[in-house]
Amino acid sequence: MPSIELLAQQFHVIVPAFEGHDPEEKTDFISVEKTVSDTTDYLSEHGHTSLYAVYGLSMGGGMALRLLAEQRIPVEKVIIDAGTAPYELPYWFTRLILLRDYLMIQLIRSNIRIFKLFFDPKRWAAENSDTEADYKAMFDFLKGLSRKTIWHVFDSANNYDMPIPMPEPSTEIRYWYGSLERKSRKRDIRWMQKYVAGVQMREFPDMEHGELVLVHPDRFYETAIEFLNHKSAPKTPKTDFTGLQLVE
């Protein structure tokens, strides 16, 4: 992935592989809590007792938040890119939302022509790349997810457990989102502002969900580096940059 390759020029990048997202492994995604716990165990076992930065997109943003809340591994800087926050709704209502989202994804991935109605190929192909190949890869990825994984992804991404009030982290936290997804992120933004102490918001004009990191790697890199190398950062060696990413 170009954005990861750019960051790897300056940082030691660790990219967790989510269960259920590699067709060759024949596994199913279970939950945000399990993924964060497994990732933290892996980091600790390999001597990573602290992290300089964590980046999380969509459900990965929720995982970054959960990682902070667990306080097992201290983190200096976090970028939550359009991250999902837990619902504050009655259980029965979250089931209706889950069923709606599940059926919608099943429809979208049923046919590439339907897929194109929701994701414009011109917007979602990476810069300086083969548009059709990139677009087909996105569709094939979604098509390859198991029904169980899709159900658990939508269930856990919107209903993972978080302590309220959340422990106040000694971490610089940024919440990013695109202007074209502002309406769909309204609830997540409100939750972050309510429960995450010190979080700073940034809106990117004319951007959809995940578009910055997936489609505009050079701009993503420049923006991320501006934050990561900000003078307020501690003058300790920059050792690890953990990316938690999922495209819904």
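The model is predicted, so local features need pLDDT of at least 70 and side-chain atom pairs count only at pLDDT 80 or more, while totals for chains, interfaces and linings use all residues. Residues are numbered from 1 along each chain as its sequence is written, and side-chain values use heavy atoms, leaving out hydrogens and water.

Let's start with helix H8, residues 147-159; helices (H or I, at least four residues) and strands (E, at least two) are DSSP runs, numbered from the N terminus. H8 has 13 residues and reaches 18 Å from first to last C-alpha, close to the expected 18 Å (1.5 Å times one less than its number of residues). Among its buried residues are Ile150, Val153 and Phe154; buried means under 20% relative accessible area, exposed over 50%, and partly exposed in between (1.4 Å probe, protein chains only). Their cover includes helices H2, H3, H4 and H9.

Now look at Tyr91 in helix H4. Tyr91 is exposed, with a relative accessible area of 61%. Tyr91 and Asn159 are 68 residues apart in sequence, with 9.4 Å between their C-alphas.

Next come the cores. A nonpolar core is a set of buried Ala, Val, Leu, Ile, Met, Phe, Trp, Tyr and Cys residues joined through side-chain atoms within 4.5 Å. In the largest, which has 34 residues, Met59, Leu65, Trp191, Met192 and Val196 touch the most other members. Elements giving two or more residues to this core include H8, H9 and strand E2, and H3 gives the most, with seven. A second, separate core of 19 residues includes Tyr52, Trp176, Ala224 and Leu228.

Notes: Contact means heavy atoms within 4.5 Å.
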